[in-house]
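User: I would like to go through this model with you, one topic at a time. Could you take a look and then tell me what stands out?

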Amino acid sequence: MLLQQILNGLLGSGIYALYAVGFTVIFGIMGVLNMAHADVGMVAAMAVVWAVMMGLGPIEAMALSLAVTALIAVVIERCAIRPAQRFKSDAAIEMPLIATIGIGMILENLAALLLGNRALPFPFQRSAFLNIGGFLVSEGLLISAGIAVVLLLALELLVARTSFGRQVRAVAQNRNAARIMGINPEFMVLITVILTSGLAGIAGCLAGVSYGFVAPYMGIPYAIKGLVAMIVGGIGSLRGAVLGAILIGVVEAVAVTYFGSQSRDVWVFVILMIVLALKPTGLVKAQGVA
Amino acid sequence: MAFWTTILLTAAINAIAALGLFLQIRSGQFNIGVAVFVGVGGYVSGALGARFGLPPAVTIPISLVAGFLFGALFSALTLRLHHWFFAVTTLALSSAAVSGISLIDFFGGALGLSGVPFVTSPVPIVLSLLMSFLLICLIDRSAVGLAIRATGDDQMLAQIFGVRVKLLRVMVFGFGAAIEALSGALLAHRFGLYQPTDLGFALSLSTIVAVMIGGKNSVWGPLLGTFFLVIMPEVIKIAPEGELLILGTLLLLVSMFCPDGLTGLIAEAVRRLRSLGSANPEASARPDAAAVSEGVLHHSKHR
Amino acid sequence: MTGGTAEPVLEISRLAVSYGSKPAVRDVSLSIGPGEAVAVIGSNGAGKTSMLRGIMGLASVAAERLVFAGRAIAGLPAQRIATLGIGYVAEGRELFPGLTVEEELLIGSRKLSRAERADRFEEVFELFPRLKERLGQVTRTMSGGEQQMLAIARVLLRAPKLLLLDEPSLGLAPIIQDAVYGALAALRKRGLPMLLVEQNAFRALNACDRAYVLELGSITREGASCEFLDDPSIRAAYLGS
């Protein structure tokens, strides 16, 4: 029973990890917390729902979803992230925080107004259960965990081994030095925001696939878990973010069996407080996106 | 007329919470989970009244103390965190509180607290607002207020100038939480109940928007912002989602174009008018973090 | 000796650099001809670093004329100026603290083909053999001297047409300074124009053909290095004798 729960938690943490990694990369490269990140995932999923409602096939739905996600990413970068540069010290941190909260509110409530403030069934859900080695595994969760693993590995490779990844890390570590090496930091930030928004979009759709439905305000719990995973894992570390996500996923799944599903959010908070008390810098140490 | 009195009284109660948030933001602790601390006041005062029959005159002060303690404790636990990471913990706290409170029977469980003794007179509300406003005005203009601003602007710099940042943060957050609790207690006694969802984001977001729109750099900001927000939905009747959509848009626009809110715009206009008249435009230059911190040092020396 | 008929690599006329409302450089005019190594000396706070940052586009400038290889560069973003061919070696090196030596070099050579990269790497390792041994080392763990060499190396990979160096001897032991300046001498022999800013006037003057004196944001003197080295007032003010 316990192992079953741990397995469920592990699989579910794939989606958390995709969000957590997005928060981490944006923070690493720009020192900004994008509070609208998880809402972007919700919008991507909603776009798929809407597209299918309008009679589009799965490929077109995905394309539309990607386009919408990219568009929102550019808006976020322009309105919330780029302006942060002209502020100094701690004010520079507050402005994008507030701006992205605003954008998040806009996305959530636009979705609620356009598609209704209720849970909508996701067209490509996989809620069947498979029996693997004696464990009951949700097909959808298995798929999302699998896709998450592939994407996370790809991201790790991208950041650690490619020229693009090096440039992203360079901008994160020393903006001026990046400039004198001919790198355009603003452009790198834009591409990074678009990329991570894409990850968020996929995460949102995977949530739809795994749990069968999407709702306008579904981004909020994911944002909290993604952010907490990032802090718990060690700010700026991709591996830490994944670790944090797994920790949250597993603890949540196990605790929910013993304490009821109402206690879910309480446990996320408890994990955060415990890690802050014991290891305030997080589980893994990193230098400007690693 | 009675309709507007109701609206204004609700606005007054919300303005009290906004004042508490204002103080907390001033010290650099961005509290996205305001509703939780408001809820502390509502639940403590309400439960003591509903369960033990204690009169509001007793339970409200107790809830203020509870608010202060809870706030101070939370701040003390999160001292290492700055600005956004602090904000994230308040976010996590908020969602944990909504779930957590519904597990506690003393506070009415999932259905919430009912049977809270009513306070029908508007006098406590108006008095509370006046007192809170005056208190925060006094603090803001004192040496402590300067220290708070210095801490909020640049914590490290403030420390260099001799501000006891940790103590200040904890005290200020606790005090702000007490004022937020006051607001919650008044809410509980006004409506006779308090529910877990009241600890959620709706109230927190609207309070944040109120402070941001009104202006986070002036004590008048939270007042202006709250009343603006309360009047608006009465003038434009729309669904709650539409209201939140507008609030979100306002928040975005304010942060992009006038980060100091309405009071900031007014102050800027006044400054421009003044410098048109005076010969020295430098005199109306804005103080930066260093100047604020130096002011702290100067002020504390010349006592 | 100076310019002559050939077009100057860098031409500056009445350059001013300010941070907000505070002027750091008031009036600088200088020029660097093809293959010339030019030094700018002056005391602390004279504005030497600000001048270089201004040229590089890292600070806001106003100038009558700021031309590099025939192109006006005032107001261009730093990454554009870097791509046009100015290699900037900043005071304090400004490396990427979490990257390895190899990664820094890869960033410097990212626009090159495999073959070109291999060739350029060989050239750079010839100048700085130490770096070849330290490829996997993270830059923030390197010594000051190694960092300085890396800072120059990564810029060389981009085959710059002009090298700007800000206090390359700062904080380094004399032996290490020798090594760095030895490399600069080799580069000078190859004809790479450079603008060298130094507080250590002796080193700078010996490494360059011509020199300017910068004080309080303005150029006060100009002349050949050998002149300066013999000039008693210069010696008194900057060479400590």
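Analyst: This is a predicted model. A place to begin is β8(C): C:Leu162, C:Leu164 and C:Asp166 point one way from the strand, C:Leu163 and C:Leu165 point the other way, and all are buried.

User: How many of the residues of β8 in chain C are buried, then?

Analyst: Five of the five residues in strand β8 (residues 162-166) of chain C are buried, so the strand counts as mostly covered. As for the two directions, side chains in a regular strand alternate between the two faces of the sheet.

User: Which strand does β7 of chain C join, and in which sense do they run?

Analyst: Strand β7 (residues 86-89) of chain C is joined to β8(C) by four bridges, and the two run parallel. Within that pairing, C:Ile86 has C:Leu162 as its bridge partner.

User: And what about β9 of chain C, how many bridges there?

Analyst: Strand β9 (residues 194-198) of chain C pairs with β8(C) over four bridges, again in the parallel sense. Here C:Leu163 is partnered by C:Met194 of β9(C).

User: Changing topic: how many residues are in contact between chain B and chain A?

Analyst: On the chain B side 44 residues are in contact with 43 residues of chain A. The area buried between these chains is about 3800 Å², and carbon and sulfur atoms give 79% of that. B:Trp84, B:Phe85 and B:Glu241 supply 19% of the area that chain B buries against chain A, more than any other three residues.

User: Which helices of chain B supply at least two residues each to that side?

Analyst: They are α3 (56-77), α4 (83-101), α6 (143-153), α9 (201-214) and α11 (240-257) of chain B. The largest share comes from α4(B), with 13 residues. By class, the side of chain B that touches chain A has 26 nonpolar, 13 polar and five charged residues.

User: How many salt bridges does the rule find across the interface of chain B and chain A?

Analyst: The rule finds zero salt bridges between chain B and chain A. Two residue pairs are in polar contact across that interface, both at pLDDT 80 or more.

User: One last item, B:Ala150: is this residue buried or exposed?

Analyst: B:Ala150 lies in helix α6 of chain B. Its relative accessibility is 1%, and because buried means under 20%, B:Ala150 counts as buried.

User: What separates the C-alpha atoms of B:Ala150 and B:Arg26?

Analyst: Their C-alpha atoms are separated by 8.8 Å, while B:Ala150 and B:Arg26 are 124 residues apart along the chain.

Conventions
Residues numbered from 1 in each chain as written. Chains lettered and ligands numbered in written order. Predicted model: local features only at pLDDT ≥ 70, side-chain atom pairs only at ≥ 80, totals over all residues. Heavy atoms only, no water. Contact = heavy atoms within 4.5 Å. Buried area = accessible area lost by both parts, 1.4 Å probe. Salt bridge = Lys/Arg side-chain N within 4 Å of Asp/Glu carboxyl O. Polar contact = N/O pair within 3.5 Å; in protein donor to acceptor, adjacent residues only side chain to side chain. Nonpolar A, V, L, I, M, F, W, Y, C, P; charged D, E, K, R; others polar. Buried < 20%, exposed > 50% of the residue type's maximum accessible area, 1.4 Å probe, protein only. Pairing = 2+ DSSP bridges.
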